[in-house]
Amino acid sequence: MRIPHLIAGLTLSILMPAATFAQGVPKQVATAAAPDPATLKVARETVTQMQGDRTATLNAMAAPMVGMMQQIGIKEPDKAQVLVQEVVMPTLTAHYDELLDIQARGFATVLNKDDLQAIAAFYATAAGKHLAAAQPQLAQLQLTGMQQWMQSVMPEIQSKIVKAVQAHGWAPGGQAKPH
């Protein structure tokens with residue numbers, strides 16, 4: 001593979017929104033024992049509070065999903081919108097509890113019951129409810145910020161990757177440097 005193609009592929013993978021979510025599960029989470037049922041129950045209640053209103057959360061996903069449809073080839077916005085409303089949103093709605101269960105298992109694996117109860121207590125306050133309601137918008141802003149940040153540092157990363165590849169002799173026809 002040529003270096004420009006490698007760098008272009010790296011750039012695209014970093015800048016794609018899905019790359020943010022495609023990161024692997026941390027090793028300590030993947031190998032941790034299953035949480036006890038009591039902690040898992042509290043985690044599920046906490047995650048449910050954190051998500052806020054189910055309908056509002058799902059509705060906040062609709063616009064980004066239209067953009068995703070356009071990225072995968074449905075270029076006309078009206079057709080992308082129809083697919084999101086007729087296919088994507090009903091499917092996400094039908095499987096939303098699965099998302100909550102996955103998140104609850106993650107929380108219960110990393111946090112203890114007391115921490116989860118404290119977090120739930122916060123989300124029961126007015127500020128916690130406001131934060132839960134703002135979560136979809138905040139997540140989109142964070143994703144946009146991450147993309148902007150990556151775009152700003154990508155030229156530097158690309159330049160340093162080219163130099164490192166050359167220093168290791170990994171460029172086509174290059175000789176590997178002895179260690």
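Reader: What share of the chain's contacts with a separation of 6 or more comes from residues 24 or more positions apart?
Author: This is a predicted model, where local features need pLDDT of at least 70, side-chain atom pairs count only at pLDDT 80 or more, and totals for chains, interfaces and linings use all residues. Residues are numbered from 1 along each chain as its sequence is written, and side-chain values use heavy atoms, with hydrogens and water left out. Contact means heavy atoms within 4.5 Å. For residues 24 or more positions apart, the share of contacts with a separation of 6 or more is 69%.

Reader: How many helices and strands does the chain have?
Author: Helices (H or I, at least four residues) and strands (E, at least two) are DSSP runs, numbered from the N terminus. Along the sequence the pattern reads α-α-α-α-α-α-α-α-α. The count is nine helices and zero strands.

Reader: Are H5 and H7 roughly parallel or roughly perpendicular to each other?
Author: H5 covers residues 54–71 and H7 covers residues 96–110. Their axes are 12 Å apart, at an angle of about 100°. Axes are lines fitted to C-alpha atoms, for helices over the stretch in contact, and angles run from 0 to 180 degrees between N-to-C directions. Under 35 degrees counts as roughly parallel, over 145 as roughly antiparallel, 65 to 115 as roughly perpendicular and the rest as oblique, so H5 and H7 are roughly perpendicular.

Reader: Which residues in H7 meet Arg54, Thr57 and Leu58 in H5?
Author: H5 and H7 pack against each other. From H5 come Arg54, Thr57 and Leu58. Their partners in H7 are Tyr96, Asp97 and Leu100.

Reader: Is Thr57 buried or exposed?
Author: Thr57 sits in helix H5. Buried means under 20% relative accessible area, exposed over 50%, partly exposed in between (1.4 Å probe, protein chains only). Thr57 has 6% relative accessibility, so it is buried.

Reader: Which residue's backbone oxygen does the side chain of Thr57 reach?
Author: Beyond its neighbours within four places in sequence, Thr57 has contacts that include Tyr96 and Pro136. Its side chain reaches a backbone oxygen at 2.7 Å, and that oxygen belongs to Gln51.

Reader: Is Ser152 buried or exposed?
Author: Ser152 lies in helix H9, residues 126–167. A polar atom of its side chain is 2.7 Å from the backbone oxygen of Trp149. The relative accessible area of Ser152 is 52%, so Ser152 is exposed.

Reader: What percentage of the residues in the chain is buried?
Author: The chain has 179 residues. Buried residues make up 20%.

Note on methods: Polar contact = N/O pair within 3.5 Å; in protein donor to acceptor, adjacent residues only side chain to side chain.
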